[in-house]
Amino acid sequence: MNANTHQSRSFSRRGFLGLTAAAASVPLLAACGGGSASQGGGGAGGAIKFWDMPWAAPAYNDAAKKIAEGFSGANSKATYQIIQWNNFYQTFSSAIASKTGPAVSTGGGFQAFQFEEQGQIAYADKVIEKLKSNGQFDDFLPGVVEPFKTSKGYVAVPWQLDIRPLWYRKSLFEKAGVGVPTDWASLLEAGKKLKGIGAVGFATGSGAGNNIGNHLMIMMMLNNGGGVFTKDGELDVLNDRNVEAVEFLLELVSNGVIDPAAVSYTTDNLNAQWKDGKAAYGMLTLGVPERVGDTSGDIVVASPIAGPHGDKAALIFPNNIMMYTNTPSQEASEEFVVYYLGKLKELWQQKLMNALPVFKSITEMPEFTADPNNVKIVNEYVPIAKTFASQGTALSANLAALDGGQALNQFTQTVLTGKTDAKSALTAFDTGLKSVLKK
């Protein structure tokens, strides 16, 4: 990512799975049709209205607009509109309520599930059937489609993946004379030696607008075979694996492996640590060298580490394309989604995306494989990736109360200050989630 996309990047997690707690307070729309398409709206003159987000630099939106406006299926055309991340949920909500919203959109990862509850989402089962018939379904990376399947149908279709790999700076490990961590024990050992040379052994941050610390908390639970939910989607914050994970995080804090000031670090602060050669190891997004402006080859992806019981996991957010019930033609909406998915490779060919593709064929393109970090992430992280729904797999509107909510923010900041014990921190986290989760 170049400098122009830093601000957009701070919202990409929300674009992936996050609607903020404020979004949860928006009044629910009146139910309309329970997921079956209604006629009218969706676009002027019967055109399919496609709303997209500023996922990267402006060149991305220029290219996406060109793709969208090239659609001519089902005797229909498409229009393209950029929706800014600021107050995006309110923008969608008010437009849908007044029937001036899109027929198809990208957006917040929980957005489709929240609008499904209100009867505003058109299920994508026919899109999935079309993708199976044209062979494109078999091109999806394993496991990326299933989280969008509900008892009523597919709520959305994935189009890109936002993942949280581990990165390290080679020169700092060489200077400290220590190997790159392979498990939690070696992470602690390496962190202590890196601290001895003035480096940060596990860089993170939880200041204003920085969600990396929140993601780290969940990732370490997953990396120990834990998670916030059971396989059936029931809240399970205080399980033994989560306790063990938080105890280890507190040990990293007490040993100075995690920077004592991390609790206040913004995204810019964290990027600066990496750029200035102070951060030695940590979890971040795709494309860290470009993100921080150091493409010397010193910052590279580390292999996933193993928890004390041998578990390995990576946190992933699958961004999606969704269809709405208010459309001039449900058939045209479906044809547009199939068409758009078929054109996604152009975005990676032009190197406009700072995200993983959902299609295997794109991960094999020379424009993607030219970066060995991309290849390593696909080969080593994607197969073990899990979402915020873990230990379950199905996404839901309920997860919006977790990602970006105050309960997780407060939990993260409590742990990073080190002024707590694991069970107390998790108990408060559990209480906070119970107050906002739907039964």
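Guide: What follows describes the sheet, the helix packed on it, and then the salt bridges. This is a predicted model, in which local features need pLDDT of at least 70 and side-chain atom pairs count only at pLDDT 80 or more, while totals for chains, interfaces and linings use all residues. Residues are numbered from 1 along each chain as its sequence is written, and side-chain values use heavy atoms, with hydrogens and water left out.

As a setting, the chain contains 19 helices and 13 strands; these are DSSP runs numbered from the N terminus, with helices (H or I) of at least four residues and strands (E) of at least two. Of its 439 residues, 59% are buried, where buried means under 20% relative accessible area, exposed over 50%, and partly exposed in between (1.4 Å probe, protein chains only).

The open sheet consists of three strands in the order S9-S8-S10, with antiparallel pairing; two strands pair if DSSP finds at least two bridges between them. Strand S9 (281–283) and strand S10 (299–301) are the edge strands, each pairing on one side only. On average, neighbouring strands of this sheet are turned by 25° against each other, direction ignored. Strand S8 (residues 166–169) is joined to S10 by three bridges in the antiparallel sense, and Tyr168 stands opposite Val300 in S10. Helix H17 (residues 372–381) packs on the sheet, where it touches S8 and S10, and its direction makes about 30° with that of S10. Contact here means heavy atoms within 4.5 Å; axes are lines fitted to C-alpha atoms, for helices over the stretch in contact, and angles run from 0 to 180 degrees between N-to-C directions.

The structure holds nine salt bridges, each defined as a side-chain nitrogen of Lys or Arg within 4 Å of a carboxyl oxygen of Asp or Glu. In one of them, the side chains of Asp294 and Arg169 meet at 2.9 Å, N to O. Because Asp294 lies in the loop between helix H12 (288–292) and S10, and Arg169 in strand S8, this pair ties together parts that are 125 residues apart in sequence. Arg169 is buried, at 6% relative accessibility, and Asp294 is buried at 13%. Arg169 also meets Asp298 in a salt bridge of 3.0 Å, N to O. Asp298 lies in the loop between H12 and S10, so its pairing with Arg169 in strand S8 links parts 129 residues apart in sequence. Asp298 is likewise buried, with a relative accessible area of 13%.
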